[in-house]
Amino acid sequence: MKKKYSLIAVLLVAVILVFGCLFFQNRSHEEKEEKKTLRVGVTLYRGDDSFINNLCGKMEEKAKAYEKETGVKVILDVVDGKGNQNTQNSQVDRFISLGVDVICVNMVDRSAASYIISRAMEGDIPVVFFNREPVEEDMNRWEKLYYVGESAKESAVLQGNILVDAYKKDPATLDLNGDGKVSYVLLEGETSHQDSLIRTEWSIQTLKDGGVPLEKITGGIGNWEKSQGSAWMEKWLDEYPDEIELVISNNDDMALGAADALERKKITRPIKIVGIDGTPQGIEGLSSGKLFGTVQCDSDEYANVVFQIAAAAGLGQNVQEIVSLEGGKYYNCRQTALTADEN
């Protein structure tokens, strides 16, 4: 009887060993297969935003370079949320159903990241947020959440200092009518975006700290759009035809819209216009004299870091060994102030 049980035990062990070997062989094979392909889902808050469009193009370049360097095939699925959070949520659901390795999200509504995070956690899919930072409580929910952006305060201080330097060099370049005040209008991004609020606050504060005597005429929410910046500026030129001396804009697109309005109205007074982002269109605006200054974020670095984090997280690698992150989650890109004189 003991021999019979011993034989059964031996057979059971043999069966377990065989199935164990097959399991680990199959798992090893699957891991090798996964390493040959990286599937990345990218959803944008709005594809027609100049800064985001440029950044996305750079990310596609980085993906091709990575594919060439590593031999890992990169499938980059880029979709446009068109400013609708429900649309973006559905896009993330689709990415998850397709079994992507990682999701890159440029949030429509930064305060509504909870749904996306919950769905990603259920599927155990890392998420790289960029440009529009989720609230801290959401970012702390899971260790596989990352954010890449630029310091909004730094952007604003650099923008403000462009104007402080100009005023110190020659007050008349900003105070056009010589009344001892610089009368300005303000184009803000959007009410719910943290960058818009911080850029506005610190740009103005930097000017005040730099000794520029300011007088605010008016301001408006332009939602980062060139057309809205243009519409606001045209309206203000009708209402304050001889008062506006300076236009402070939260981004280049709205700043360029304001410049277009000046051209349409045939305004010849040298009203200074400053933006932020340093988009290709903004740099062209500097060269043509439409803009006086902008703050350029290093889009090559930006795109490279987003993709590096996505690739490492998607392939199950240690992200921190590849990209140094603040608090294990955050990366701020470099920025540089540019003026028409330097460009």
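**View A. The largest nonpolar core of the predicted model.** In this predicted model, the largest nonpolar core is made up of 60 residues, and within it V148 and M233 are the residues with the most contacts. The element that gives the most to this core is helix α11, spanning residues 299–314, which supplies 10 residues.

**View B. The surroundings of M233 in the largest nonpolar core.** When residues up to four places away in sequence are left out of the count, M233 touches V185, I244 and V247, and it also touches A258, A261 and L262.

**View D. Strand β4 and its pairing with β3.** Strand β3 (residues 102–105) and β4 run parallel and are joined by three bridges, with C104 standing opposite V128 of β4.

**View E. The cavity found in the structure.** A search of the whole structure finds one cavity of 30 Å³ or more, and the largest cavity has a volume of about 110 Å³. Its lining comprises 13 residues, of which D49, N131, R199, W224 and D277 are the closest to its centre. Helices α2 (50–70) and α7 (194–209) are the elements that give two or more residues to this lining. By residue class, the lining of the largest cavity divides into six charged, three polar and four nonpolar residues.

Methods. Residues numbered from 1 in each chain as written. Predicted model: local features only at pLDDT ≥ 70, side-chain atom pairs only at ≥ 80, totals over all residues. Heavy atoms only, no water. 1 Å grid on protein atoms, 1.4 Å probe; cavity = no way out; pocket = protein on both sides within 12 Å on 5 of 7 lines; lining within 4 Å. Points joined across faces, edges and corners; volume = space filled by probe spheres on them. Helix = DSSP H or I, 4+ residues; strand = E, 2+ residues; numbered from the N terminus. Nonpolar A, V, L, I, M, F, W, Y, C, P; charged D, E, K, R; others polar. Core = buried A, V, L, I, M, F, W, Y, C linked by side-chain atoms within 4.5 Å. Buried < 20%, exposed > 50% of the residue type's maximum accessible area, 1.4 Å probe, protein only. Contact = heavy atoms within 4.5 Å. Pairing = 2+ DSSP bridges.
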